[in-house]
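Welcome, and please open the structure in your viewer. We will go from stop to stop, selecting a few residues at a time.

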Amino acid sequence: MKEQIKNLAVLFGGRSVEHEISVITALQLINVLDVERYRPIPVYIAQSGRWYTGDALLNKEFYKKLPASLSQVQEVTLLPVPRIGGLTVLQPKKHGEVIPVDIYFLAFHGTYGEDGCIQGLMEMADVAYTGCGVLSAALGMNKYQCKKHLAAHGIPVLPATVVHRDEGRKSLTAVRDRILSTPGLEQFPLFIKPCNLGSSIGISVASDIAGLNAALVNTFRYDAQAIVEPCVKDILEINVAVLEDEEPVASVVEMPVSTSGVLTYEDKYLRGEGNKQAGESQGMASLTRVIDPKDLNVELKQAAIEYALKAFKVLGCSGVARIDFIIDSTTAQIYFNEINTLPGSLSFYLWVKSEPPLLYTELLNRIIERAEMRQRTKVALRRNEGLRALFK
């Protein structure tokens, strides 16, 4: 008997500076979805926070004509109420109608999508959704809290401190003195970046006090918290993706190539061939990289894989994540840098090159299957039993 095709709502966009990158990831995955198993329903969340669906969202040209193109789609929402079974239409003539959805595929990057917010809504609605849950998503987004948590489990991290925007407004001098008195941060250069963003947005390297002040001001344009770390001069960056399974599995290692020593937004999204015109980026898949670098120390490769698997477990991650490390080439010391609980392009380019190779379509199938399995487990929990006993 042929398996019934399931409705898969792919959610993307959102109220984040990584909005456009999310659109790229979503369109990529929809294009390779197993259409014999899943019927894609694109759901675009505009930067206004309003939700829209419609076939027009599948065309890249739609996003170049915003906001006028929104007239081609219908407004919907997901109500935080169990057993509704899908997306509620908000259009006047169809108000209250429900578009059936079996599974929600989250393709967000950054705040309000990758940080536990949308995951909380999914939990309230009691629906099957892909990727990390509330806690692991929130921990993964906050770079400082994530590092403190992993360090407590034996994963090496660089020394760091956090500066709050309100603290900086009161006295940059006091902030500077506190930073420079933090063990491991006593001397320049220092690395400053938003505590709750990805995609290398808002990052700076400070070589002196004036540079530190400017870097903090720049970071506070994007986030209310800045994380400050020592700047490793002779640096290598390596990444590993991890996929949820009965026992999580790691991909091949990659070494991203930077034009400036530190990966920038342009390095990640605008350097690849065919990506020189706005709107033509292929997301993280366009980044210049060396996959499974042969000249990298085998022990460092293995350490990255083992730490990545451990971090995935310790944080309680689901779906697919990419864990990024830095290596101090002078000391051959490896440090956890950050985790992307919903990596750009879902890191499909790493799985294709892994052994055995895992094609993008099969990667999506596995992520969706695990989401359905988690939902079945939650549904089986007898969470109302205590309430029933109380009112007998």
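What percentage of the residues of the protein count as buried? Of its 392 residues, 53% do. Keep in mind that you are looking at a predicted model.

**The whole protein**

Begin with the cartoon view. The protein has 13 helices and 16 strands. Now think about contacts between residues at least 6 apart in sequence: 64% of these join residues at least 24 apart.

Next, colour the model by confidence. The mean pLDDT is 90, and 88% of the residues reach 70 or more. Select residues 264-279, where the pLDDT is below 50. Beyond near neighbours in sequence, this stretch has 40 contacts in the model.

**Two paired strands**

Select residues 6-13, which make up strand β1, together with strand β7. How many bridges link β1 and β7, and do the strands run parallel or antiparallel? They pair in the parallel sense, over four bridges. To find one place where they meet, show Leu8 and its bridge partner in β7, Ile103.

Stay with β7, residues 103-106, and show its side chains. In a regular strand, side chains alternate between the two faces of the sheet. On one side of β7 you will find Ile103 and Phe105, and on the other Tyr104 and Leu106. Are these four residues buried or exposed? Every one of them is buried, and both faces of the strand are covered.

Let us look at aromatic side chains. The protein has eight aromatic pairs. Select Phe12 and Tyr44, which form a tilted pair with 5.8 Å from centre to centre and 45° between the planes. Phe12 belongs to strand β1 and Tyr44 to strand β2 (residues 38-45), so this pair ties together parts that are 32 residues apart in sequence. Phe12 has a relative accessible area of 0%, and Tyr44 has 2%. Because buried means under 20%, Phe12 counts as buried, and so does Tyr44.

How are the rings of Phe12 and Tyr63 arranged? They are edge-to-face, at 6.3 Å from centre to centre and with 65° between the planes. Tyr63 lies in helix α2 (residues 61-64) while Phe12 is in β1, so here the pair ties together parts 51 residues apart in sequence. Both partners are buried.

**Charges over rings**

Select Arg15 and Tyr112. The charged end of Arg15 sits over the ring of Tyr112, 4.1 Å from the ring centre. Then move to Arg289 and Tyr349, where you can see this kind of arrangement again: the charged end of Arg289 sits over the Tyr349 ring, 3.8 Å from its centre.

**An enclosed helix**

Select residues 19-31, which form helix α1. Try the distance tool on its end C-alpha atoms: they are 19 Å apart. How many residues of α1 are buried? The count is 11 of the 13, so the helix is largely enclosed by the rest of the structure. Among the buried ones are His19, Ile21, Val23, Leu27 and Ile30.

For the last stops, show the backbone atoms. Most residues other than glycine have a negative phi, and most peptide bonds are trans.

- Select Phe188 and Pro189: a cis peptide bond joins them, with omega about 0°. Pro189 is in the loop between α7 (172-180) and β9 (190-194).
- Select Glu355 and Pro356: the peptide bond between them is cis, with omega near 0°. Pro356 is in the loop between α11 (348-352) and α12 (360-380).
- Select Asp126: its phi is positive, near 60°. Asp126 is in the loop between α3 (117-125) and α4 (134-141), and its 36% relative accessibility makes it partly exposed.
- Select Ala332: it is not a glycine, yet its phi is positive at about 60°. Ala332 lies in the loop between β15 (320-328) and β16 (333-340), and at 47% relative accessibility it counts as partly exposed.

Conventions
Residues numbered from 1 in each chain as written. Predicted model: local features only at pLDDT ≥ 70, side-chain atom pairs only at ≥ 80, totals over all residues. Heavy atoms only, no water. pLDDT = per-residue confidence, 0-100. Contact = heavy atoms within 4.5 Å. Buried < 20%, exposed > 50% of the residue type's maximum accessible area, 1.4 Å probe, protein only. Pairing = 2+ DSSP bridges. Phe/Tyr/Trp six-rings, centres within 6.5 Å; stacked < 30°, edge-to-face > 60°. Lys NZ or Arg CZ within 6 Å of the ring centre and 35° of its normal. Expected span 1.5 Å × (residues − 1).
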